[in-house]
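Try each task before you read its solution.

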Amino acid sequence: MEEKLLEIKDLCVEYHTDEDNVYAVNHVDLTINKGETLGLVGETGAGKTTTALSIMKLLPIKIGEITSGEIKLNGSSIISKSEEEMRKIRGKDISMIFQDPMTSLNPVYTVGDQVAEVIKLHYPDYNSSQVEARVDELFLMVGLPPERKTEFPHQFSGGMKQRIVIAMALACEPQLLLADEPTTALDVTIQAQVLQMMKDLKEKLNTAMILITHDLGVVAQTCDQVAIMYAGEIIENGTVEDIFEGKDHHPYTIGLFGSIPDMETKSKRLHPIDGLMPDPSNLPKGCKFNPRCPHCKDICREQEPPVYVNGTQTIRCHLFK
Amino acid sequence: MSVGTGTQAAAAPMQKYKKRSQIAQIWGRFKKNKMAMGGLILFGIMLIVAITAPLFIDYEVDVIQQTISERFQSPSAAHWFGTDQFGRDIFSRVFWGARISMFVGVVVVVISLIIGSILGAASGFFGGWLDNVIMRFMDILLAIPGTMLAITIVAALGGGIQNLLLALSIEQIPKMTRIVRSSVLTLKTQDYIEAARACGTTNARIIYRHILPNAIGPILVQASLTVARTIISVASMSFIGLGINPPEPEWGAMLSEAKAQLMNYPYLVVAPGLAIILTVTSLTLIGDGLRDALDPKMKN
Amino acid sequence: MHKYIIKRLLMLIPVMLGISFILYSIMTLTPGDPAQLILGPGATEEAIELKRQELGTDKGFWEGYVDWLTNAVQGDFGTSYRSKEPVFNEVFARFPNTLKLASSAIILSVIFGIGIGIFQAVRQYSMSDNIISGITLVLTSMPDFWIGLILIIVFAVWLKVLPASGANHWYNFIMPALTASVGYTAGTIRLTRSSMLEVIRSDYIRTARAKGAAEKTIIFKHALKNALLPVVTLIGINLGWQLGGTIIVEQIFAIPGIGTLMIGAVRSKDTPLLMASVLFVAFLSALINLITDILYAYIDPRIKAEYSK
């Protein structure tokens, strides 16, 4: 039996802006086992990044608020932890890689200093030569020559910067890595390299990973579990096999797959999903997907759909009973 | 963060809308800003006061006529802010002073705006040697620190409102030129300008119809701040005797007269000072509010 | 880097030439004859003509300028019409007062401006942030001479603890420096606050938080160095600007500085003295801006790379 690493139960997050409240994450349940990779898939604004930031407790201060729910790491609650305790967890037990490597590094410090900082923070006993040795080791691990550690971020390309960010995230061999679209900002050829490297490293270090992406190809290659998010909810969740080969799917998942060109079947054109994601400050009643759903029934406009469980797969839709 | 990207994503399609709706949107955001609206209302009141002052106040009798028997009276029902060393009512003088400050402020902005827009637009749009000549000349003017240039001009030509207008405009033109030029440079490479050019629109028309309306935002911000700075400059120069001369009730000139009575009648410095602060604060609030309204990303 | 500095210094030559020509034109083309002014209204036509020859103002516009320029290039900026002293003797006699005033005003503005700006940014939208913002706004709207008058009333007239004028002791400079610094302090507060807020929202600060860095480290190590970049530029500009901007403060507190010298020179049509004093301040202020830009390069490695190209 696999060991549970992270458990999210009924998580709700709101953003408070001048004008109104944005319901970014609504009643999300997720479980990740040790060493496993979960793909969190959805459109921009579906609440993927917000979910990840909630796990780190790094929601923008005074704007983002976890209104209900529970997040447990190794069985102990993160929500109830103090800022002081969270600091010891961030970078050590849970690390995060952000989307844009161009802006993720501090421009006025050398990359070596920035990698060393996280080591010094979590291993205060290390002397400076131990820290430096570890930095060199990490640079080699992500495929960068250690002698470049004295250079500044602007001297590196986007792909190399992301490698540095990855080195920083893996420096303390975390149990959980949150990767927020780590390759979206990179060239296609570099994307594959970086992704492969992340996959290898996480296997080597036995790190669990939440990979946030909207690229289903990446999911198929790297993930064990897949959760599909729409308007702050997880509308379908299952193993990679469930999602890619299973019979039953949420209409949004079908739409998502219909938007990808397929090399094998010859279709004349793509089938994008009609319409736009609802405004998260003004969500529709009932099923959040109902205005765009081709199978929409009266009940979908009235009641929130129940969760339909089918083995390892769950679907939140009225079509299934 | 997701909120930030959300607002940016929402702002992007807005820019495609037409010019009028863009101004309406800026106004919409401006209206929500309480401080900015407060500034606008305050400035509006000051402007009305300046324009209508002759209806309530007789320049000859209330503003400049000396009544030695009534000198140095403390604030009272008859003289709300008291009287000065010549027995003149300070309240009336401060009110009349708004006319002078507003007039100089607005005229200087209009002059520097017109000349600065022409020079800046030409410089940014045509580039090349013209840009070089104009901008190097502006660099020279800007390289004279502080108020040295304006003071030299006024001191050489003598005081009086015309020379002051000239000197302060010369001081402001380089700043305005730079701002217009940099807006034009940014806008020049935009697709819709390329499109207009591809349609065979003349240069003058592109500048007038497409570039200047879109550069209006930063220009308006600069204009409101320039009026504010100019009002302070006028007062400063009059204060050291290089601006508007007594008996005109210019605020700086009034303060200059008050300085001689500092030991015995310090209250004389209060009213003209507050008048300057109120006017300049209102303009600064308007400028800040405009800047926030133009660039909603900067808020939050 | 050396190339860049030399290039900037070379660019100063046309600017200084331009300034000298503008000043010369203003002085020569406006009404008023220095010879007449020196000799007074009762002087005879012959005496004035002799004086003109002595001063060298009898030459035509262009000839006069070319003469001045030829001498200036050789290091001779002429003598004052009035005092007959070489102009730089007077400029150097007055300059220490202006420098003391300007630099102490800037130091005050840096200390208070950056300190208060950071404090506000860290407590954005709190009560204290709002109150300070309000005060700063009013301070930026106050003319400096008015602040000077209020200080005189409070400290010289009421409390009688500070002298209202003079420049002989260090305490003579307390009120003038405060007066001159208020506007700059307010400007520095506003810029530090907004720059800091912008940096705090940036991705690399989020990265630092994700590493588990403490809030203090984030503010003072990661955010401050980035946030100060625009502030450094502002300080450089302020100091350069201030050297020519203390005129009014000098007038209020009767400090014999460059500003007072300059106004006197214009009034008495003392062209060589005016040109020397303004050129000197302009040159110094350009030099300060250059030093600021070099300093900037040392804080920001991206700019340094840009310069060495």
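The notes below set the conventions, and the exercises follow.

This is a predicted model, in which local features need pLDDT of at least 70, side-chain atom pairs count only at pLDDT 80 or more, and totals for chains, interfaces and linings use all residues. Residues are numbered from 1 along each chain as its sequence is written, while chains are lettered from A and ligands numbered from 1 in the order in which they are written.

**Exercise 1. Find the scores of the model and the average pLDDT of chain C.**

Solution. Then take pLDDT, the predictor's confidence in each residue, from 0 to 100. Chain C averages 90, and 100% of its residues score at least 70.

**Exercise 2. Work out the strand order of the open sheet in chain A, and find what packs on it.**

Solution. First assign elements: helices (H or I, at least four residues) and strands (E, at least two) are DSSP runs, numbered from the N terminus. Next, pair the strands, asking for at least two DSSP bridges between them. This gives 4 strands in the order β2-β1-β4-β5 of chain A, with antiparallel pairing. The edges are β2 (21-33) and β5 (76-77), each of which pairs on one side only. Now look for the helix: α1 (48-56) of chain A packs on the sheet and touches β1, β2 and β4 (64-73) of chain A. Contact here means that C-beta atoms, placed from the backbone, lie within 7 Å. The direction of α1(A) makes about 70° with that of β2(A); axes are lines fitted to C-alpha atoms, for helices over the stretch in contact, and angles run from 0 to 180 degrees between N-to-C directions.

Finally, zoom in on one pair of strands. Strand β1 (residues 4-16) and β2 of chain A are joined by 9 bridges and run antiparallel. Within β2(A), A:Val25 is the residue opposite A:Val13.

**Exercise 3. Decide why α1(A) counts as largely enclosed.**

Solution. Apply the burial rule: a residue is buried if 20 or more other C-beta atoms lie within 10 Å of its own, exposed if 12 or fewer, and partly exposed in between, with C-beta atoms placed from the backbone. In α1(A), 9 of the 9 residues are buried, so the rest of the structure largely encloses this helix. Among them are A:Lys48, A:Leu53 and A:Met56.

**Exercise 4. Describe the two sides of chain C that touch chain B and chain A.**

Solution. Begin with chain B: the contact takes 40 residues from chain C and 32 from chain B. On the chain C side, α1(C) gives the largest share, 8 residues. By class, this side has 30 nonpolar, 9 polar and 1 charged residues. (Ala, Val, Leu, Ile, Met, Phe, Trp, Tyr, Cys and Pro count as nonpolar, Asp, Glu, Lys and Arg as charged, and the others, Gly among them, as polar.)

Turn to chain A, where 19 residues of chain C meet 24 of chain A. Here α9 (203-211), α10 and α14 (301-308) of chain C each give two or more residues, and α9(C) supplies the largest share, 7. The classes on this side are 7 nonpolar, 5 polar and 7 charged.

**Exercise 5. Summarise the build of chain C.**

Solution. Count elements: chain C has 14 helices and 0 strands. Its C-alpha trace spans about 85 × 60 × 30 Å along its principal axes. Of its 309 residues, 42% count as buried.
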